[in-house]
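The sequence and the structure come first, and the description follows.

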Amino acid sequence: MRQRILVTALGAGALAVAGLTAPAGAYAAPITPYTAGKHAAQVCSAAKAKHTASCHAIKLVASNGVTPAATAPPATGLTPTGLRDAYKLNGLSAGGRTVAIVDAYGYPNLERDLGVYRSQFGLSACTTANGCLKIINQTGGTTLPTFNAGWAGEQALDVDAVSAAAPDAKILVVQAKSASFADLGTAVQTAAKQAGVVAISNSYGGGDASDSDYGTYYNHPGIAVTASTGDDGYQGGSYPASSSYTTAVGGTSLVAASNTRGWSETVWDGAGSGCSTYNTALSAAASFGTGCSKRAMADVSAAADPGKGGMAIYYPTSKTASTWAQFGGTSEAAPIIAAVYALSGNTTGYANALPYAHPGSLFDVTIGSNGSCPTTQWCNARTGWDGPTGLGTPNGAAAF
C-alpha cells in the first residue's frame with residue numbers, strides 16, 4: 001500500500017482561515033490540526049497467498065509509526081453526529097433490521113470496546129444481553145477464532161461505523177477462521193442465513209477473481225452485500241467488490257464546507273477502482289458509460305480518507321488493551337453504505353442495482369483522481385458515474 005504523508009489536516013483553525021465552519025458535534029472534540037508528519041498505515045498485513053484477502057482499514061499513526069494510547073477520541077476524527085449530518089441520515093431508522101459484518105479472526109473484547117464507543121457518543125447500548133449484538137464464527141457457532149490485532153482493528157472500525165450511521169440497527173459479527181476467500185465466503189453465507197439480516201458488509205479484498213469460483217458466497221438477492229474497492233487507487237478489479245453480486249464501495253475525502261450541504265467531498269486518492277477481467281457487467285449500469293466491458297467498480301462511495309473524514313474509533317492494540325485512534329480506508333465506507341441500506345429498508349432483488357435507478361438521490365463527487373488510467377472515468381471524477389466514487393455518496397437513503 002502507498003504510504004500517504006499528511007502534510008496538513010483541516011482543524012478548527014484551518015477551517016476558520018478558509019472561511020468555513022464545521023457542523024456542531026461533527027468532530028470528536030474542539031478541533032486542532034494534526035501534527036505535521038502523521039501518516040496513514042495499513043492495519044492488516046498484505047495478503048500473500050492467492051485468493052486470500054487483506055482488510056482495507058487504515059489508521060493514522062505518529063511519525064515514528066506508533067499510535068499513542070489515548071483516553072479520548074482524536075480531535076479531528078469524524079463523529080456519529082458529523083457522519084449523519086454529512087449524509088443526511090438524521091431522522092431515519094433501521095427499524096430493528098440487522099447489519100452483518102464479515103471479517104477474519106477473533107476479537108475477544110469487541111463487545112466491551114463497542115460499549116466504550118457508543119457510550120462516548122451518547123448512543124444506546126448495543127450488547128449481546130439486550131439482543132442488539134451477536135458474534136458467531138463462520139459456521140454459526142460460538143467458538144470464536146484466534147485473535148489477530150489487524151483484523152480486530154478492522155472489526156472495531158466496522159461496528160463503530162454501523163453504529164454511527166444507523167444507531168438503532170442490530171449488529172451481527174461473523175468471524176471467519178482465516179482470511180481465505182473460502183472461509184470469508186462461508187462466513188458471508190452464514191450471515192445471510194441469520195434472521196433479520198438485510199445487509200452484509202465486507203471490508204476486505206484480494207486480487208480480481210471469478211464469480212464462477214466464488215460468486216455463490218455473495219449471491220443473496222434481497223440482502224445488500226457491500227464490499228470495499230481497496231486502498232491502492234486505480235489498480236483494476238478487487239474481489240469481492242468486483243463480483244456482480246455485491247455493491248462495490250469506493251472512497252472520498254470529506255471536509256466541512258460553507259455550502260448548503262455543510263460538507264464537501266472529493267475523490268480520496270487511495271480509493272480502489274477498475275474493471276473486472278472475469279465478471280459480468282451490471283445491467284443496471286449499462287447506460288452510465290463506465291467504459292468497462294465487464295464489471296466496473298465502484299457503484300457508490302462514502303468517507304474513506306483517514307485524514308479528511310476518517311472516523312474516531314475505539315480499537316484494540318493487543319488482546320487485552322484498546323485505545324482511541326482515527327481510522328479510514330474503504331473499510332470505513334463499506335459498513336457506512338451497508339448501514340444506509342438498513343436505514344432504507346429496501347433491499348429487494350440485487351441491491352447493487354438500486355442506486356443506478358436513483359442517481360439523483362446521491363451527492364455526485366466530481367473532483368479528484370486516484371491515479372493514471374487509460375480510460376478517463378476509471379480514475380478521474382466527473383459528473384455521473386466514475387470509478388473512484390461510483391455514482392456518489394448518500395444523500396439520505398432514497399438511492400438505496
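## Disulfide pattern

Counted along the chain, the bonded cysteines of the protein chain pair in the pattern 1-2, 3-4, 5-6, 7-8. The structure holds four disulfides, a disulfide being a pair of cysteine sulfur atoms within 2.5 Å. In general, such a link is a covalent bond between the sulfur atoms of two cysteines.

## Basis of the description

The model is predicted: local features need pLDDT of at least 70 and side-chain atom pairs count only at pLDDT 80 or more, while totals for chains, interfaces and linings use all residues. Residues are numbered from 1 along each chain as its sequence is written, and side-chain values use heavy atoms, with hydrogens and water left out.

## The chain as a whole

The protein chain has eight helices and 19 strands. Helices (H or I, at least four residues) and strands (E, at least two) are DSSP runs, numbered from the N terminus. Along the principal axes, the C-alpha atoms fill a box of roughly 50 × 50 × 40 Å. Of contacts (heavy atoms within 4.5 Å) between residues at least 6 apart in sequence, 78% join residues at least 24 apart.

Of the 400 residues, 61% count as buried. Buried means under 20% relative accessible area, exposed over 50%, and partly exposed in between, with a 1.4 Å probe and protein chains only. The chain exposes about 13600 Å², and carbon and sulfur atoms supply 52% of this area. Accessible areas come from the Shrake-Rupley method with a 1.4 Å probe; for residues, only the protein chains shown count as cover.

The mean positions of the 21 positive and 21 negative charges are 3 Å apart. Lys and Arg count as positive and Asp and Glu as negative, without His and the chain ends; each charge is placed at NZ of Lys, CZ of Arg, CG of Asp or CD of Glu.

C44 and C55 are joined by a disulfide with an S to S distance of 2.0 Å. The pair links distant parts of the chain, eleven residues apart: C44 is in the loop between β1 (39-42) and β2 (54-55), and C55 is in strand β2. The torsion about their S-S bond is about 105°, so this disulfide is right-handed. C44 is buried at 3% relative accessible area, and C55 is buried at 0%.

C275 and C292 form another disulfide, with sulfur atoms 2.0 Å apart. C275 lies in strand β13 (residues 274-275) and C292 in the loop between β13 and β14 (296-297), so the link ties together parts 17 residues apart in sequence. A torsion of about -65° makes the disulfide of C275 and C292 left-handed. C275 is buried at 16%, as is C292 at 11%.

The disulfide of C373 and C379 has an S to S distance of 2.1 Å. With -75° about the S-S bond, this link is left-handed. C379 is buried, at 1% relative accessible area.

Strand β17 (residues 322-328) is mostly covered, with seven of its seven residues buried. S322, W324, Q326 and G328 lie on one side, and T323, A325 and F327 on the other.

Strands pair if DSSP finds at least two bridges between them. Strand β16 (residues 311-316) runs antiparallel to β17 and is joined to β17 by six bridges, with P316 bridged to S322. A hairpin through five residues connects β16 to β17. Strand β3 (residues 58-61) also pairs with β17 in the antiparallel sense, over two bridges; there, I58 has G328 as its bridge partner.
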